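Here is a short briefing on a protein model. Look at the structure first, then read the points below.

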Amino acid sequence: MRSVAVQNNSLWRALCDTFESIQKERIRAGNRLNMIFKGADETEELRIRILSRLEELERVEEGLEKDLKKILKEHPVYTSFLRYVKGVGPLLSIRLLALPLDINKNISSWWAYFGLVPFHYVAKCENGHGLILSKERGICPVCQSPIVSIEKVNGALRRKKGLKGFWNRQARKIAYLLGEQFVKIGERGYYGRAYRRFKERQPQDLQPIRRDARARRLTVKLFLSHLHECMRELND
Ligand SMILES: [Zn+2]
């Protein structure tokens, strides 16, 4: 069986970034132009001409999207799983597949890599390295020496100056985007319904914002465990 290990990671990411920045700028520039020229009849012709130039950018986006889809069509994880997941489109799929995910690691390591932990620890090793850890036990990931002080922190993960975090920035961003998508897709998709169920199961006295955050985290974790399973099967 051919390996599902991903190559060209940074190239794929660059393709996504290019697509997204062109799209964003096209929309922003269009809005700006419409504002500037609003109601001014004598500039109507010029406005239309510039807007049609911007439309050419749409063609560029379409081309880039075609390239993305072509890559995905050849990726077994996409063709056998991701393409069927409602809420996960080509861009998000390729961002996920561009991550250097290690299928030999267990699912808890994946969750930590995506920053999906209910709490974390701020610690210091024997050599003075400041760390943010996902587990209470372990050694310093920088110098492999023992941990000398550790403190449990409830609440959101935050990058802190001088502290080495355990999660991956790209992965965490993707986890956030996945959560957004699953909430948006709602009853129309499996993970949207999973989100609703997870939310219902949270204690009723919990603040709505906390219930939402927990349900999102659990839903994305569920999705990742399925992705993990799929990648392992394909690599077997
Ligand atoms: Zn250290």
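Axes are lines fitted to C-alpha atoms, for helices over the stretch in contact, and angles run from 0 to 180 degrees between N-to-C directions. Helices (H or I, at least four residues) and strands (E, at least two) are DSSP runs, numbered from the N terminus. This is a predicted model, where local features need pLDDT of at least 70, side-chain atom pairs count only at pLDDT 80 or more, and totals for chains, interfaces and linings use all residues. Residues are numbered from 1 along each chain as its sequence is written, and side-chain values use heavy atoms, leaving out hydrogens and water.

**Confidence**
- The protein averages a pLDDT (the predictor's confidence in each residue, from 0 to 100) of 91.
- At least 70 is the score of 96% of the residues.

- The axes of H1 (residues 9-36) and H2 (residues 44-73) come within 10 Å and cross at roughly 160°.
- H1 and H2 are therefore roughly antiparallel to each other (angles over 145 degrees count as this).

**The sheet**
- Strands of a sheet pair through backbone hydrogen bonds, either parallel or antiparallel.
- Four strands form an open sheet, ordered E3-E1-E2-E4, with mixed pairing; two strands pair if DSSP finds at least two bridges between them.
- E3 (147-154) and E4 (163-164) stand at the edges with a single partner strand each, so one side of each lacks a neighbour in the sheet.
- E2 (residues 130-133) and E4 run parallel, joined by two bridges.
- Gly130 stands opposite Leu163 in E4.

Note on methods: Angles under 35 degrees count as roughly parallel, over 145 as roughly antiparallel, 65 to 115 as roughly perpendicular and the rest as oblique.
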